[in-house]
Amino acid sequence: MPDNELQLEVIVNGQSTIIRANKNAPLRTIIQLALQQTGNAGQPPENWELRDAAGVLLPLDQKIEEFNFPTDAKLFLNLRAGVGG
Amino acid sequence: MATPQYTDPKVSRRKFEREVEEYRRNEVAYRSRGWILVEADFPRVLVVLCAAKLKPAAVITGVRFDYSNYDAAPPSVQLVEPFTGEPYRAAELPTTLKRQVVGPALPPGASLPPGANVPRLVGHQPLMQAYGPEDMPFLCLAGVREYHEHPAHSGDAWELHRCIGAGRLVRLLEVIDTYGVRPISGYNVELVPRIGFAQNEVPE
C-alpha cells in the first residue's frame with residue numbers, strides 16, 4: 001500500500017467494510033467508498049453521518065491524516081434520521 | 001401481542017440473525033457506548049441503552065425490536081421499561097428523543113425592512129409521538145413499522161426505505177441514542193425543603 005494511503009474499517013448500518021483511503025483527502029471521501037462497497041447506493045452521502053467508536057460525530061472536512069486513527073480504528077456510518085412528522 | 005408471521009419465516013429469521021451477528025461483531029464498541037444487548041430471540045431483540053458518561057452511569061431505557069416479517073415489513077420499535085420489558089406510555093417515557101428543527105424564516109405574509117437579519121425560529125420536535133399521555137407512543141421515523149402503518153405516512157412507504165437499511169438494528173439504535181441518550185449531560189436534582197416546627201420536649 002502506498003505511503004499516502006491507509007486502511008480503515010467502516011461499519012455501515014452495522015455491516016463492516018474495509019476502506020483504502022488517501023490520508024491527505026478529507027474524511028468525507030470515505031463515505032462514498034463505504035456506501036459503494038456495502039451496496040448502499042440509495043441515499044446521497046450527505047444523508048449519512050460518521051462517528052467514531054465513542055459515538056462522537058466526526059468533522060468531514062478534516063484531513064484523514066489529522067485524526068491519527070489507530071490501525072484498529074472502527075468508524076460508524078449510519079443513515080441520519082429524516083424529518084419526523 | 002405477537003405479530004402474525006406472513007412472510008417465509010426462514011427468510012425473516014436469516015435476516016434477523018444477520019442483524020444480531022453484525023451487532024455481536026462490534027458488541028464491545030457498542031457496550032462502551034452504553035448499549036447492552038440483553039436478549040435476541042427471533043423475532044425480538046431487547047437492547048438497554050445507558051448514559052455511560054454519567055457518574056454514576058444511568059440506565060435510560062430499553063428498546064424492544066420485533067423483526068417479524070422482516071424485511072418485507074419494517075421492524076416494530078418500542079421504548080420499554082428495561083427491567084420488566086413493559087412498553088412505556090407517553091407520560092412515562094424517560095426520553096422523548098427531541099430533535100432541533102429550524103422553522104420557516106418568517107410567518108407567511110410578514111416582511112422585514114431591507115437589509116434586516118432574517119430571524120430563524122428553532123423549535124424542538126420529539127421523535128416519540130403520541131396523541132395523549134396515556135397512549136402508547138411510537139417512534140416517528142422512517143424504517144419503523146409504527147411509522148409506516150400510521151395513516152399520516154401512507155405516502156412514505158417502507159419500500160422506499162428498505163433498500164437503504166433504514167430498518168437495520170444498529171441504525172435504529174444510533175438514532176435513538178443520538179436523540180434520546182447522548183444529549184443527557186447530567187442529573188437534575190430537585191431538593192424541596194420542608195419547614196416544620198422543632199419541639200424540644202413533650203410536656204406531660
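## A walk through chain B

Let's start with overall size: chain B has a radius of gyration, taken over C-alpha atoms, of 22 Å, whereas a compact globule of 204 residues would come out near 17 Å. That globule rule is 2.2 Å times the number of residues to the power 0.38. The C-alpha trace of chain B spans about 80 × 65 × 35 Å along its principal axes.

A word on what you are looking at: this is a predicted model, in which local features need pLDDT of at least 70, side-chain atom pairs count only at pLDDT 80 or more, and totals for chains, interfaces and linings use all residues. Residues are numbered from 1 along each chain as its sequence is written, while chains are lettered from A and ligands numbered from 1 in the order in which they are written.

Along the sequence, the pattern of chain B reads α-α-β-β-β-β-β-β-β-β-α-α-α.

Look next at the open sheet of four strands in chain B, with the order β1-β2-β3-β4 and antiparallel pairing. Strands pair if DSSP finds at least two bridges between them. In chain B, β1 (35-41) and β4 (76-80) are at the edges with a single partner strand each, so one side of each has no neighbour in the sheet. From one strand to the next, the twist averages 20°, with axes being lines fitted to C-alpha atoms and angles running from 0 to 180 degrees between N-to-C directions. β1(B) and β2(B), residues 44-51, pair over six bridges, and Leu37(B) stands opposite Val47(B) in β2(B).

Follow the chain to Tyr88(B), in the loop between β4 and β5 (98-102) of chain B. Of the 204 residues of chain B, 35% are buried. Leaving aside residues up to four places away in sequence, Tyr88(B) touches Leu79(B), Val80(B), Glu81(B) and Leu93(B), where contact puts the C-beta atoms within 7 Å.

Finally, chain B meets chain A through 25 residues from chain B and 18 residues from chain A. On the chain B side, α5(B) gives the largest share, six residues.

Technical notes:
Contact = placed C-beta atoms within 7 Å. Helix = DSSP H or I, 4+ residues; strand = E, 2+ residues; numbered from the N terminus. Buried ≥ 20, exposed ≤ 12 C-beta atoms within 10 Å, placed from the backbone.
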